Amino acid sequence: MNVLFVYYVPSGGVDTLNRLRCKALKPYGIHGDCLYYGWGAGMQNKSEIPYYVTRNDIEIKKIIDKGNYDAIVVTTDYVSFPRFRLLGYTGKLVLEVQGYGPKDVARKELTLAIPYVNGNVAGLLNPRTPHIAALFEELFPAIPRFNFNNAFDSQYFTYRALPKAQEPIIGWLGRIQDNKNWREFLQIGHTLIHHGYPKLQLWMFEDHHLAVPEERVQFHELVEQLHLKEHLTLRSNVEHAQMPSYFSMIGDSGGLLCSTSKVEGAPYAVLEAMSCRCPVLSTYSDGVSSSIYHNATGKYYQQGHIAQAIVEAKELMGNLELRESIRAAAQLHVERNFSADTYAQHFKAMLDSL
């Protein structure tokens, strides 16, 4: 079988997912190609997976005709379904939703999607994100729904023993935009610096191409206001192959990854940190519910409650027995429940049923 995966740009979690699943599906006789509408930072990541970058209808038709695809899986871009039909595609169409950010935005977008989805789409796919699964059931009751964890390669993306940092590090990964809640991360870092960790380092990983310009200005203003410059290291578009080293260093420093998002689909950063023995403190952002179990594979705090975040962060950094238990359990959880092979089996079963 041949499958085409479609998304706006090769960047972030979807770029990671597409590379991983195309590789995982190969042994099951499923050949995957990727189509993106524009350039993205993920193009720097080395991959043997065939991909196309174009938004031109004539070029897309040539790709579809040449690929002889049994299914096209479109992430988010529901308006493309009539377009693919007009370009002559007659196979199965699948809408995949990895997340829309805030829950009200997800409801609004999927409500708008109804006329594009009905009559065009054969199946709906999401990575066990509770609010998306509930919306699928409510808005598209007649369309088959599939929910299974995203693919993860825990053999490649895993802990690396490196020289230990002198001071604890707290990491953050995301875009400089409201839903990723960077303001809260800076506030948490500032509070920890003034309450027990004066030499704490803050490492932030982002894609500067995807930042909201107004928020970029506000970001720098808040960094100045909180006097965080000497503590902050900002990295943009780090090659994916380098991230295991960074997560491992954060974990071994005695620090943690702090995920402050308001709502998430199925964030790869959390799985990546866990696989590298970097403990995670996160908001309960819905999509992390299948990866983080409080005080077992990570820790939660209530979004907006800085004081609670500080208490949980201090325990995660200071209670060494709990910390080591969480690091080991989290790594094992990722290995057992997010394997690429299990994903491929679920995906093949989905295609067979369609």
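I began with α9 and α11, where L271, M274 and S275 in α9 meet A330, Q331, H333 and V334 in α11. I count a contact when heavy atoms lie within 4.5 Å. The residues of this contact split into four nonpolar, three polar and no charged. My classes: Ala, Val, Leu, Ile, Met, Phe, Trp, Tyr, Cys and Pro are nonpolar, Asp, Glu, Lys and Arg are charged, and the others, Gly among them, are polar.

Note on provenance: this is a predicted model, where local features need pLDDT of at least 70, side-chain atom pairs count only at pLDDT 80 or more, and totals for chains, interfaces and linings use all residues. Residues are numbered from 1 along each chain as its sequence is written, and side-chain values use heavy atoms, with hydrogens and water left out.

Next I looked up the geometry of that pair. Helix α9 covers residues 268-275 and helix α11 covers residues 320-337; their axes come within 7 Å and cross at roughly 120°. Axes are lines fitted to C-alpha atoms, for helices over the stretch in contact, and angles run from 0 to 180 degrees between N-to-C directions. α9 and α11 are therefore oblique to each other. The cut-offs: under 35 degrees is roughly parallel, over 145 roughly antiparallel, 65 to 115 roughly perpendicular, and the rest oblique.

I turned to α6. It spans residues 182-194, 13 residues in total, and reaches 19 Å from its first C-alpha to its last, close to the 18 Å expected at 1.5 Å a residue. The expected span is 1.5 Å times one less than the number of residues. I listed its buried residues: W182, E184, F185, L186, I188, G189, T191, L192 and I193. Buried means under 20% relative accessible area, exposed over 50%, partly exposed in between (1.4 Å probe, protein chains only). After α6 comes G196, with a positive phi near 115°.

What does α6 pack against? I found α7 (residues 213-225), at an angle of about 10° and with the axes 11 Å apart. The two are therefore roughly parallel. W182, R183, L186 and Q187 in α6 meet E215, Q218, F219, L222 and V223 in α7. This contact divides into five nonpolar, two polar and two charged residues.

Last, V212. I located V212 in the loop between β9 (201-206) and α7. V212 is partly exposed, with a relative accessible area of 28%. Setting aside neighbours within four places in sequence, V212 is in contact with I176 and Q177. V212 and I176 are 36 residues apart along the chain, with their C-alpha atoms separated by 6.3 Å.

Key
Helices (H or I, at least four residues) and strands (E, at least two) are DSSP runs, numbered from the N terminus.
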